[in-house]
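Please view the sequence and the structure together before reading on.

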Amino acid sequence: SRTGEDTDPMKWASAVSEEADLSVAMRQAAGEIRHQLGTEEPDLILMFVSPHHEPDYEEVPLEVRRHFLMSTVVGCSGGGVVGGGREVEHSPAVSLTAAVLPGVAITAFHIDADDSDALVNHSEVWHEVMEVDPEQPVHFIVLPDPFSCDARGILASLDKAYPAASKIGGLASGAQSPGENVLFVDDECLDE
């Protein structure tokens with residue numbers, strides 16, 4: 001949610017690298033983000049990584065932290081990765097989208113598979129989990145893993161709990177079975 005009326009403008013930058021080496025790919029994408037944003041530090045990094053980097057998924061949070069120490073980071077694996085105005089499929093890719101969001105409070109969160117049932121069946125639980133009044137202006141980026149949660153149920157419940165909120169996002173993808181997709185939340189790499 002954005003606070004105050006006299007804030008600086010928001011700034012966005014996006015980049016994708018098709019390098020097969022994760023460290024090189026992250027360095028290229030981060031370098032392009034830095035070039036686009038200049039000296040401003042991003043508040044939010046949205047990160048998407050192709051399944052070609054699956055052997056290195058656990059290293060992804062560390063790699064992004066080498067370049068963006070203080071940013072809130074969320075993302076997931078993706079069969080198709082979009083960034084820098086183009087889409088990459090069937091080859092290695094790392095995509096970073098960065099945002100400078102003055103006056104915006106950002107909270108990254110993860111709901112494990114066990115808790116998702118309670119949220120699907122009891123939308124009022126969202127208010128307790130999020131600690132945000134439904135009357136406050138709030139918006140969500142939702143990146144569910146289709147193997148470990150009821151994505152439609154989660155969104156329907158979130159709509160009931162926060163009817164005025166915008167909800168955007170997409171499914172983690174690129175995997176053929178449970179536990180192969182990953183979600184990134186700040187310094188964590190999660191498989192559900």
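This is a predicted model: local features need pLDDT of at least 70, side-chain atom pairs count only at pLDDT 80 or more; totals for chains, interfaces and linings use all residues.

The phi angle of Asp-186 is near 55°, a positive value in a residue other than glycine.

A positive phi, near 65°, is also found at His-90, again a residue other than glycine. His-90 sits in the loop between β5 (86-89) and β6, and its relative accessible area of 73% makes it exposed. For context, most residues other than glycine have a negative phi.

## The Nonpolar Core

The largest nonpolar core comprises 24 residues. Those with the most contacts inside it are Met-26, Ile-33, Ile-45, Met-47, Val-64, Leu-96 and Phe-184. Two or more residues of this core come from each of β1 (11-17), α1 (22-37), β2 (44-49), α2 (60-65) and β6 (94-100). The greatest contribution is that of α1, with seven residues.

## A Buried Arginine

Helix α2 also holds Arg-65. Is Arg-65 buried or exposed? With a relative accessible area of 14%, Arg-65 is buried, because the limit for that class is under 20%. Between Arg-65 and Pro-102 there are 21 Å in space, C-alpha to C-alpha, and the two are 37 residues apart in sequence.

## A Negative Surface Patch

Acidic residues form a negative surface patch, including Glu-19, Asp-21, Asp-56, Asp-114, Asp-150 and Asp-191. Asp-191 follows β10 (188-190) in the chain and, at 45% relative accessibility, counts as partly exposed.

Conventions. Residues are numbered from 1 along each chain as its sequence is written. Side-chain values use heavy atoms; hydrogens and water are left out. Patches are made of residues with over 30% relative accessible area and no salt bridge: like charges are joined within 9 Å, nonpolar side chains (Val, Leu, Ile, Met, Phe, Trp, Tyr) within 5 Å. Accessible areas come from the Shrake-Rupley method with a 1.4 Å probe; for residues, only the protein chains shown count as cover. A salt bridge is a side-chain nitrogen of Lys or Arg within 4 Å of a carboxyl oxygen of Asp or Glu. Lys and Arg count as positive and Asp and Glu as negative; His and the chain ends are not counted. The place of a charge is taken as NZ of Lys, CZ of Arg, CG of Asp or CD of Glu. Helices (H or I, at least four residues) and strands (E, at least two) are DSSP runs, numbered from the N terminus. Buried means under 20% relative accessible area, exposed over 50%, partly exposed in between (1.4 Å probe, protein chains only). A nonpolar core is a set of buried Ala, Val, Leu, Ile, Met, Phe, Trp, Tyr and Cys residues joined through side-chain atoms within 4.5 Å.
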